[in-house]
Amino acid sequence: MKYHTPATFEDAVGIAANATGVTRFLAGGTDVLVQLRADIVTPDDLIDVKHIPGVRDMTQNPDGSWTIGVAVAGAEMTENPALIADWPGVVEGMDLIGSTQVQGRATLTGNLCNGSPAGDAVPGMIAAGASVSVTGPDGSREVAVEDIPTGPGRTSLAKGEMVTAVHLPARGQNGGDAYLRFIPRTEMDIAVVGCAVNLRVDGDTITEARVALGAVAPTARLVEDAATALIGSKLDDAALEALAAAASAACNPIDDKRGTIEFRTHVAGVLAQRAAKIAYARARGEK
Amino acid sequence: MALDSKTEFKYIGTRPDRPDGMDKVTGKARYGADAYAPGMLHGAVVRSPHAHAKIVKIDASKALAMKGVKAVVTRADFATDLEGEDWDLLENTIAGEKTLYDGHAVAAVAATSALIAKDAAKLVEVEYEILPCVTDVDAAMADGAPVIRDGAADHSVPEGLHPNVVRYTEFGRGDVEAGFAAADLVVERDFKTEAVHQGYIEPHACLANLGADGKGELWCCTQGHWFVRRMCTALLGLETTQLRVTASEIGGGFGGKTTVFIDPIALALSRAAGKPVKLVMSRSEVLKASGPTSSASMNVKMGMTKDGKLTAATAVFRMQGGAFPGAPMDMTTMLAFSCYDLDNVHHEGFDVMTNRPKQAAYRAPGAPMGAFAVESVMDELCQGLGLDPIDARLTNAVKEGTKSSFGPRYKAVGLIETLEAAKAHPHYSAPLAENTGRGIASGYWMNWGGETSTSLAIGEDGTVQVGVGTPDIGGSRASMALMAAETLGIPYENVRVDVVDTASLGVNEPSHGSRATYASGLAVIESAREAITKLSKRAADKWGIDAEAVEWRDGAAHPSGPNAGDFTPLSIADIAGEMGSTGGPITGHHDASPTGFGGSFGTHIVDVHVDPDTGKSTVVRYTVVQDAGKAIHPSYVEGQFQGGAAQGIGWALNEEYIYDDDGRLQNDVFLDYRIPVASDLPMIDTVIVEVPNPGHPYGVRGVGETGITPPLPAVACAISHAIGHRMTRLPISPPRVLRAIQGKGIS
Amino acid sequence: MVEVNLWSGLRRFADGQEAVEVEAKTVAEVLQKLVEAHPGLDPVIKAGVSVAVDGEIVQRALNHPVQPDSEVFLLQQFRGG
Amino acid sequence: MTQVHVTTTVNGDEVEFLADPRETLLDCLRDKVGMTGAKEGCGTGDCGACSVTLDGRLVCSCLVLGVEAEGKDIGTIEGMADGDDLHPLQAKFIEYAALQCGICTPGILVATEALLKKSPDPSEEEVRYWLAGNLCRCTGYDKIIRAVLDTARDLREGV
């Protein structure tokens, strides 16, 4: 295994594009090192992106949007009050990944590019309408977060391509988001179901909504029917019921060691309702 | 050995700092993997990816050709003339003709670095012929189940059972049918528990050095280094005493480190390579290929009158212990009804082999499963008859002189005292929040004595060194020092206790069976008494009086009364300072297999909240009441209570071995083998009950194991009350609870 | 004579008896006399049993004394963790 | 074998070692620097026994490569006491019997020291969640949590 510490994204992409074997990018390493240890993936070239200037920066842009560097650790996000004020759901999704120790290393980008359908940071980003910058040998592009994962462990990134930043839209007025997951313990588990809700209100009425589910399908997914159930409502019982039904209907999960199809499908509806209530309260300023 | 009349203690019952505390909080303490030797090689084990397969061929030529590889060993490098349990042990250590479970060792490599060893292990080519496998206990007993090993059954198994049933037991007394007929309510239920792992945080690790001359040294983390010595020398064909085994500090054992897995392999690699070899298991190897518990399929039936008297009880326990005989169905059957005075009782037990690793002891081995089933039925009887669960237990509780369900009469025991203390505890009468249930359960472990050898020597300044052979897992050196200090009448700080190597004492059984504080403690007291006799004799010689005229108190020799003469007392330091010229070194020593161990009963109270929408259970309050006989160091007694409760909670709620249809373990990392984390648990309140054990000078009972027995039923009953459905299968995972709430059964 | 209580699974090795009377002053003698009277018990005892004398589980303490009025039980071998 | 030369600071002292890029910081601390206080309980970041600080940030040293330590500042359990003077957390752990086998203790002490630096007055819930990645199988956590809360109180009150 060769270890590289490129000083620019161009160099990093160059190494990856020219590599003949298995390549991995190293940011927080909390997935890469586990896979290395378990002999699941031993890269021939390991490209540590942390020496590239700016990768540890969290920047609020003049339009209110956020740019999060690819090596920003979860712990750094949870120490950023302005980011938490804007996107509490995104931050709490990130914060749920692993232990305090893992938070010292794990990144939004890593969680996304690992391609796990159960990544806790992903539904929050999708619900927020986040996008990522992707750079490759043929130039750069902006991609919606929901278009990155294509299946368990797989992404739409081509050979030599890498994510260079995460973009969260401007929060704007009267908006709120939230992320909840179900795990059997209180900490340290992979999500059995994850659900993020992001919405905007006008008075008591929901005017915009995005709902994303994790761990209930081959990828985290945006559930438009769930959003439809919310928009125009005052989060009354009928809307909550329609929301739960839409969330459950969007599930296409598997039975595995962490949960059953039946359980995941039911709990997706429960979490959607609970996350919607939190997001609604946040949007209305009841924080 | 009888209970002393002594009831006032100066040191016993205090809470001094443990002697190894400083090393353990500064990172200096040396555990299994913390040993290094000059010229040391690193080992790696080649393991079967198949649950059941014939080994057709092993080709190590590519591995041996790798630069830095110094040796490869296979089964051919071990003794060939073994039978019985030694053969089982070898077969489990390294596969012979067949691999019997996912992760079964097949070969091992030694190389100049851990990475080279790991890479070389991947180059050992093993050709397998895959065989059908079975991992469930009921499936393994059914007609047509794959046979793990024909002819493994012993004399106890009646004809007509599947060859995977390798041991059978059946016992009882009275007329159970008449008993059930006399009952106002009879409850019968089937129960199932999954296998769990001890979950010690320190993986098995050792450093072996064995020469061609058959002399060797082994450093390893173990609960019993004499056991390790006997097992390793048998498997390698060595003379027992030519191997010196040193026990490292041990990072948890809970029964799982009373046997060997990698130690014989490291010794074989060292013998083959002519160099020291370090071998450390990964967590995945620990979960796949050390010794988890048995899993169980059970049926319990009990009858009760409307005033709470049990009239009859029967139980059937089918337990799998992996690909070898040894599931603890004997302990399960004997202890299942150990809390209750029963005239009509019957037990049946089956030891069943499956394609899983050979089970090892885990804290009160066999008892928690039985308690889960029996205490759950007891709870349902109380519920059905509208009885208070503690009152009903008091009605039937065993006491001194009661004939146990397995035969012998109890000596002084403390079940009634724990029940009364639990009933009086504020927890028992505290109001319950919505969606919260309260569970009560009692449990028992009979404890153990076992082969024990200790020594004690007086230093020139009157301080004392004690050597024991029972590795210190949870603070036992502090307890030994307290007992030595109490007996000698010298300050706790003046006693140093070491766990010494196998060359330094006679045979010691491991720290198992909750025996260390009882048996080694008793031997330390006797060693101290022997030293006192010698110290008193030196004083008597100096004073020119009879030794009988000398009384030892407060760390000094005194004339026993006015008739003995008027002499200034001689302190231990006074006598020790002159011992070289008054007869030589002064020591005490004691060897025994003490039998006066007294069992320990406990009663637990737990409140569990259940989220009705997701089925998630949260333990919100927990109280442990247990009989310690006499708590030598109460902090470490409380620690045992709390640790046992936490492990039991994990077993009840989330821990389980998950195998797929091909017999491959699905959760071989701590991420998915879910032991309780700090945020999962509440504070665990403790009440130490002290009903002295008549078989120990200071009344000590072992306390280590009982505490894991009541949590399984207590938690299950609490959840059952919270949701209104009886939970009969562990773990009580959220999907199972949700199904029960939704009325879909609890499969 | 000492009455030795067998667990009921052993009855088939002891002519259907649940209790066997033997002349013995120690645990070793108890076990030896049992096997002499009922050779079918030999593999059971060789495989390992515990012996309880008057409520004390003495396991293999072969020299442990036994009185004529002692309550003696053969038990399955104890194992701890 | 392509070993990388690494220069780093451990507990204030500069150290150098050669690391295969596949070796973790934990491997390097234990096998190359001779500091065996950090333990490997899982190798996958699930148990916390290998906890160290990396530029002041709490991490699992099994989830950091040795080569990543270049130019970093690492803190381990061996650096927690000031000579013979134990850190108040270390003393309280002994006093409260907050350890049994002790294998998890170095990791828990390093983690709680980091907590108290960040949050001098933590609630019980905060301590429990902060330590959720530090598995202890012996104690049931009770005495550990009490030791941390009471040390925090002592430090606040200047005891």
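Me: How many helices and how many strands are there in chain C?
Reply: In this predicted model, the elements of chain C run β-β-α-α-β-β-β from the N terminus on. Counting along that order gives the totals for chain C: two helices and five strands.

Me: Why may chain C be called as compact as a globular protein of its length?
Reply: The C-alpha atoms of chain C fill a box of roughly 35 × 30 × 15 Å along the principal axes. The globule rule gives 12 Å for 81 residues, and chain C comes close to this value, so it is as compact as a globular protein of that length.

Me: What percentage of the residues of chain C count as buried?
Reply: A residue is buried if 20 or more other C-beta atoms lie within 10 Å of its own. When this cut-off is applied to the 81 residues of chain C, the buried part is 43%.

Me: Among contacts in chain C between residues at least 6 apart in sequence, what percentage join residues at least 24 apart?
Reply: Two residues are in contact if their C-beta atoms lie within 7 Å. Among the contacts of chain C between residues at least 6 apart in sequence, the part that joins residues at least 24 apart is 48%.

Me: Which elements give two or more residues to the side of chain C that touches chain B?
Reply: Here 23 residues of chain C are in contact with 35 residues of chain B. By class, this side of chain C has 11 nonpolar, nine polar and three charged residues. The elements of chain C that give two or more residues to it are α2 (42-47), β4 (56-57) and β5 (72-76).

Me: How far apart are the nearest C-alpha atoms of chain C and chain D?
Reply: Chain C does not touch chain A, and the nearest C-alpha atoms of these two chains are 27 Å apart. Chain C and chain D do not touch either, and for this pair the nearest C-alpha atoms are separated by 14 Å.

Me: Which chains have the most contacts among the four pairs that touch?
Reply: In one of these pairs, 42 residues of chain B are in contact with 44 residues of chain D. Among the four pairs of chains that touch, the most contacts are between chains B and D.

Me: Which element gives the largest share of the side of chain B that touches chain D?
Reply: Two elements of chain B give two or more residues to this side, namely α1 (21-26) and α18 (634-653). By class, the side of chain B that touches chain D has 21 nonpolar, 14 polar and seven charged residues. The largest share, seven residues, comes from α18(B).

Me: What radius of gyration does chain A have?
Reply: The secondary structure of chain A comes to 11 helices and 14 strands, and its C-alpha atoms fill a box of roughly 55 × 45 × 35 Å along the principal axes. Buried residues make up 59% of chain A. With 287 residues, a compact globule would have a radius of gyration near 19 Å, and chain A agrees with this, having 19 Å.

Me: How far apart do the C-alpha centres of domain 1 and domain 2 of chain A lie?
Reply: The domain assignment of chain A gives domain 1 (2-168) and domain 2 (186-283). The distance between the C-alpha centres of these domains of chain A is 24 Å.

Me: Which element gives the largest share of the side of domain 1 of chain A that touches domain 2 of chain A?
Reply: The contact takes 21 residues from domain 1 of chain A and 23 residues from domain 2 of chain A. On the domain 1 side, α5 (88-95), α8 (121-128) and β8 (149-151) of chain A each supply at least two residues. The largest share, six residues, comes from α8(A).

Technical notes
Residues are numbered from 1 along each chain as its sequence is written. Chains are lettered from A and ligands numbered from 1 in the order in which they are written. This is a predicted model: local features need pLDDT of at least 70, side-chain atom pairs count only at pLDDT 80 or more; totals for chains, interfaces and linings use all residues. Helices (H or I, at least four residues) and strands (E, at least two) are DSSP runs, numbered from the N terminus. Ala, Val, Leu, Ile, Met, Phe, Trp, Tyr, Cys and Pro count as nonpolar, Asp, Glu, Lys and Arg as charged, and the others, Gly among them, as polar. The radius of gyration is taken over C-alpha atoms; the globule rule is 2.2 Å times the number of residues to the power 0.38. A residue is buried if 20 or more other C-beta atoms lie within 10 Å of its own, exposed if 12 or fewer, and partly exposed in between; C-beta atoms are placed from the backbone. Domain bounds come from an automatic or database domain assignment.
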